[in-house]
Amino acid sequence: MRAFNFSAGPATLPTEVMLEVQEQLLNWQNSGMSVMELSHRSPEFAGILNETELDLRDILALPDHYRIIFCQEGASAHWDMIPLNLLQGNHQADYIETGYWSYRAIEEGRRYCNINIAASNRIDHFSALPDRAEWRLNPKAAYVHYCSNETIDGLEFFWTPDVGNVPLVVDMSSHFLSRPMDITKFGMVYAGAQKNIGPAGLSLAIIREDLLKPAAPGTPFLMDYHGQFHAHSMLNTPPTFTIWVAGLVFKWIKRNGGLTQMAVRNAEKARLLYDFLDKSAFYRNSVKVQDRSLMNVPFHLREPALDEVFLKEAELSGLKQLRGHRVVGGMRASIYNAMPIEGVQALINFMADFERRYG
Ligand SMILES: *Cc1c(COP(=O)(O)O)cnc(C)c1O
């Protein structure tokens, strides 16, 4: 019996995919070997990598001039790789601060250039996105960086900022593939795998061809997007097993109606949960309604003293990993693609019952 797992990441994966992994674990396609045991230079693995990329391109309807790089580093490593690869001698970049993860990118980016924080919602305690009209962009910036879904604070952009001719760079880690997205509005998109793509150990970078230039002198060779692209993401041994599982997840998305259908299911799950939170005086989510994430739903109990009891009883009811991130406390339900609607309903039923008993 599998629990409903609300972890923000590494997160729940589709049970169907896990069963496929189990079935092929010892003997992948009658090769007598596990994917884990295949040489990354073998034609078999080349086939897996190629198919994984084609499925992702198909899901996103990605035009040819956008290149995909499979990286072994987590999303965090891109905070260094982006300036190293995209500054190209420029010393200025714009960053938008909307929560914990966009702030971490800013801190890391400061090692390489002068960062202009073009907009911030820190003063609102990260509870609403800054209006585009208030952004103070620098037209000479090498790029504009933002995070389109703040995993910890629970904010999501449902609009893509227009930043003119400056390349827009986005951290989509926690809502990548959750709904249709027009990648052509971006210079670069990146996402860590362990939220909505597959197991940990992989991140994806999707880069517009004209931005793929050799990185700054002195850049470690594995952090050079240009080099990694020309080596077909195999400058060294890639995370072969993780790439294979990500490929199975992409096929699962295709079988289940693609991003359009993911969007319908995700919107319905989030609506149920937020409606419940809003009707209750016992629980609260403080994010502005229009900016609430469909993937990560942080909430607090009116009585924080009950947090531990809530978590313990939730565990016993098969509702796992609901503890909020340490910087914000409270609870968080991450309801990525792989979370079935039944999981959200079970959570709501538990929460209603908990409120009746302790409210
Ligand atoms: C999880 C997360 C990260 C960090 O990912 P790592 O793979 O641990 O480096 C960065 N950005 C966002 C938006 C995330 O959700």
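How many nonpolar, polar and charged residues does the shell around the ligand have? By class, there are four nonpolar, seven polar and two charged ones, where Ala, Val, Leu, Ile, Met, Phe, Trp, Tyr, Cys and Pro count as nonpolar, Asp, Glu, Lys and Arg as charged, and the others, Gly among them, as polar.

Before going on, keep in mind that this is a predicted model, where local features need pLDDT of at least 70, side-chain atom pairs count only at pLDDT 80 or more, and totals for chains, interfaces and linings use all residues. Residues are numbered from 1 along each chain as its sequence is written, and side-chain values use heavy atoms, with hydrogens and water left out.

Back to the ligand. The shell holds 13 residues, and the closest are Ser76, Thr151, Asp171, Gln194 and Lys195; a residue counts as near if one of its heavy atoms lies within 4 Å of the molecule. Now for some polar contacts (pairs of N or O atoms within 3.5 Å; within protein, one must be able to donate a hydrogen and the other to accept it, and residues adjacent in sequence count only if both atoms are side-chain atoms). A ligand oxygen sits 2.4 Å from a side-chain N or O atom of Ser76. A polar side-chain atom of Gln194 is 2.9 Å from a ligand oxygen, and for a polar backbone atom of Ala75 the distance to an oxygen of the ligand is 3.2 Å. Taken alone, the ligand exposes 390 Å², and the protein buries 85% of that (Shrake-Rupley areas with a 1.4 Å probe; for residues, only the protein chains shown count as cover).

Next, the salt bridges, each a side-chain nitrogen of Lys or Arg within 4 Å of a carboxyl oxygen of Asp or Glu. The whole structure has 21 of them. One joins the side chains of Glu20 and Arg255, at 3.7 Å from N to O. Glu20 belongs to helix H1 and Arg255 to helix H7 (residues 240–255), so this pair ties together parts 235 residues apart in sequence. Helices (H or I, at least four residues) and strands (E, at least two) are DSSP runs, numbered from the N terminus.

The loop between H1 and H2 contains Asn30, which has a positive phi of about 60 degrees despite not being a glycine.

Finally, three strands make an open antiparallel sheet in the order E11-E12-E14; strands pair if DSSP finds at least two bridges between them. E11 (283–284) and E14 (331–334) are at the edges with a single partner strand each, so one side of each has no neighbour in the sheet. Arg284 has His300 in E12 as its bridge partner.
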